[in-house]
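Please look over the sequence and the structure before reading the notes.

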Amino acid sequence: MGHIRREELLRAGERVGVAVSGGIDSVALLRLLLEFRGELGIVISVVHFNHKLRGTESNTDEEFVASLARGRGLEFQTESGDVARLAADQHSGVEAAARHLRYEFFNSLLGADSRSDMDLDSPTMPVLTKIATGHTLNDQAETVLMRLIRGTGPGGLAGIYPRILVEHEDGEGHGEIIRPLLGIRRKELEAYLRDLKQPWREDSTNSNSKFTRNRVRHRVLPLLEKEFNPAVVENLSELAEIARDEEDYWENEISGWLGTVAQWSEPEWLRTLPGFGASQALVQIGSPQPEPGPEILARIEEFAGELMNASVSRPWLLTEPKAVQRRLLKAIGEQAGIPLEFKHIEEILRFAAEDGPPGKELSLPLGWKLLREPAAMVFVTPDLRQSESVPDYEYPLPVPGRAVLPEVGQVIEALRVSPEGEAAEYNPQQLLRADLLPERLVVRNWRPGDRFWPAHTKAPKKVKELLQERHATGTERRLWPVAVSGDEIVWIRGFPVPAKLLAKAGQEAVLILESPRFDDDAI
């Protein structure tokens, strides 16, 4: 109750949907809110999302939660979605796809209905004021630690927020997703349920070591607690709280800078196109200009919201503290759609501080350029009238190990899979023979002339043709990742591995996985 009062998470009269999966955390959350609902003055209902990932086990979880709600006379709202299909369509990890659909369902219950990825048969559901989820102190510590290990900035250290605002479709008002248990350890919740003799469900995937969070939960944190600091969970949670307050301050500062220090303007090449921006009126009275082709028009419309140059005063930038410099550049990148990593921002700052003739350019990700003028640094959009000029990327991938691909917002990981039972957990069409691979692969975007022979196909094909069959277009197609051993492609995202490299029963294997950066952190 202390965390709820301190964060002002609940107010009298609110309709609260408790998200119950059937596990310890969510069942304990429901029982605690039922215990204090009279004091809090809230109306409780139960919500459940069935991810359909574990067959009968998933359905049994849903039946358990429905029974829990019925037994206490609570309204029960449930929905399901095709998580596996969404993961395949979006080339994301299963955990990320599951979270996307789950939170889309939550948003719909809060009156922000945008559920395009679910087939809904249920009648219109009553709007709730808030959705309460069962994130605990342990979840917070795991999230912060995972981000530290992978590499993050102050924003990543903020971890799981106690509340998330959800705007309604009409822009009026909002609902909230709240986390009342962020100050409580999981073992305390388990003891609480045992005292109540309240059963719960165990998710079998929570022990599967292929998920990063499970490895951190079952291996890394227990080791840190035992060997280094028994209060490491609390300390990581406190670090997250400090980081959140810092981020709140900087977010307010940056929002002001983006409207004053950073100046946004239409790129020159866009102004010359008939029917776009300020050029439209000029074209009507001036000499005729050629109409852009349909491919160019489609490309421009696809990126319409990002077609703005940004400039910032060079003297002002160079006299500000490093903290201000880095945050402003990062914010400009986020608003413009440029994936700027730490190395890019440091390179920009070195470039800005250099002496030299005006007009010198620095290449940035996704075809952007930075123009250095005496009085300004100008971020220049790629000219979408030209053929796609997306720069290539290439990163080493140790086996086992991982490679971060900022160009596509993905992490590619190579895992060794033992033949004793572990291999049965994975799709056999994705398992490569470990003895046929080197200790280090290379992950890169495909190049013209690349060929690949997926298992169960008659002959090798050009990668370009394979991606056309998948209807991949634009920058997504150009940046599609492959893994190579020497000159041979051994893996392409979304395709079976070559038949000659398929691991057989009893052989040690290598599995190459992809996941969005940090998506499996935010549970």
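Two strands count as paired if DSSP finds at least two bridges between them. By that rule, strand S19 (residues 481–485) and strand S20 (residues 488–492) pair in the antiparallel sense over four bridges, and serine 485 stands opposite glutamate 488 in S20. The model described here is predicted. Its chain has 523 residues, of which 47% are buried, and its secondary structure comes to 18 helices and 21 strands. Among contacts in the chain with a separation of 6 or more, 67% are between residues 24 or more positions apart.

- Strand S1 (residues 15–19) and strand S2 (residues 43–50) are joined by five bridges and pair in the parallel sense.
- Within this pairing, alanine 19 has valine 47 in S2 as its bridge partner.
- Helix H2 (residues 24–40) belongs with S1 and S2 to a right-handed β-α-β unit.
- S2 also runs parallel to strand S3 (residues 75–80), with six bridges between them.
- Here the bridge partner of histidine 48 is threonine 78 in S3.
- A right-handed β-α-β unit is likewise made by S2, helix H3 (residues 56–71) and S3.
- S2 is mostly covered, since seven of its eight residues are buried.

**The hairpin of S19 and S20**

- Two residues lie between the strands of this hairpin, and glycine 486 takes a positive phi near 65° there.
- S20 is largely enclosed by the rest of the structure, because four of its five residues are buried.

**Helices H10 and H15**

- The axes of helix H10 (residues 232–260) and helix H15 (residues 322–336) come within 10 Å and cross at roughly 70°.
- Angles of 65 to 115 degrees count as roughly perpendicular, and H10 and H15 are therefore roughly perpendicular to each other.
- The crossing of these two helices, H10 and H15, is right-handed.
- On the H10 side, the residues that meet H15 are Glu247, Trp250, Ile254, Trp257 and Leu258.
- On the H15 side, the residues that meet H10 are Ala323, Val324, Arg327, Leu328, Ala331, Ile332 and Gln335.

**Backbone exceptions in loops**

- Most residues other than glycine have a negative phi, and most peptide bonds are trans.
- The peptide bond from valine 399 to proline 400 is cis, with omega near 0°.
- Proline 400 sits in the loop between strand S12 (394–398) and strand S13 (401–405).
- Glutamate 8 is not a glycine, yet its phi is positive, at about 50°.
- The loop that holds glutamate 8 runs between helix H1 (2–7) and S1.
- Glutamate 8 counts as partly exposed because its relative accessibility is 47%, and the range for that class lies between 20% and 50%.
- Histidine 456, a residue other than glycine, also has a positive phi, near 70°.
- Histidine 456 is placed in the loop between strand S17 (451–452) and strand S18 (461–462).
- The relative accessible area of histidine 456 is 67%, so the residue is exposed.

Conventions:
Residues are numbered from 1 along each chain as its sequence is written. This is a predicted model: local features need pLDDT of at least 70, side-chain atom pairs count only at pLDDT 80 or more; totals for chains, interfaces and linings use all residues. Side-chain values use heavy atoms; hydrogens and water are left out. Buried means under 20% relative accessible area, exposed over 50%, partly exposed in between (1.4 Å probe, protein chains only). A crossover is right-handed if, with the strands pointing away from the viewer, the path from the first strand over the helix to the second runs clockwise. Axes are lines fitted to C-alpha atoms, for helices over the stretch in contact, and angles run from 0 to 180 degrees between N-to-C directions. Angles under 35 degrees count as roughly parallel, over 145 as roughly antiparallel, 65 to 115 as roughly perpendicular and the rest as oblique. A crossing is left-handed if the near helix is turned anticlockwise from the far one by less than a right angle, and right-handed if clockwise. Contact means heavy atoms within 4.5 Å.
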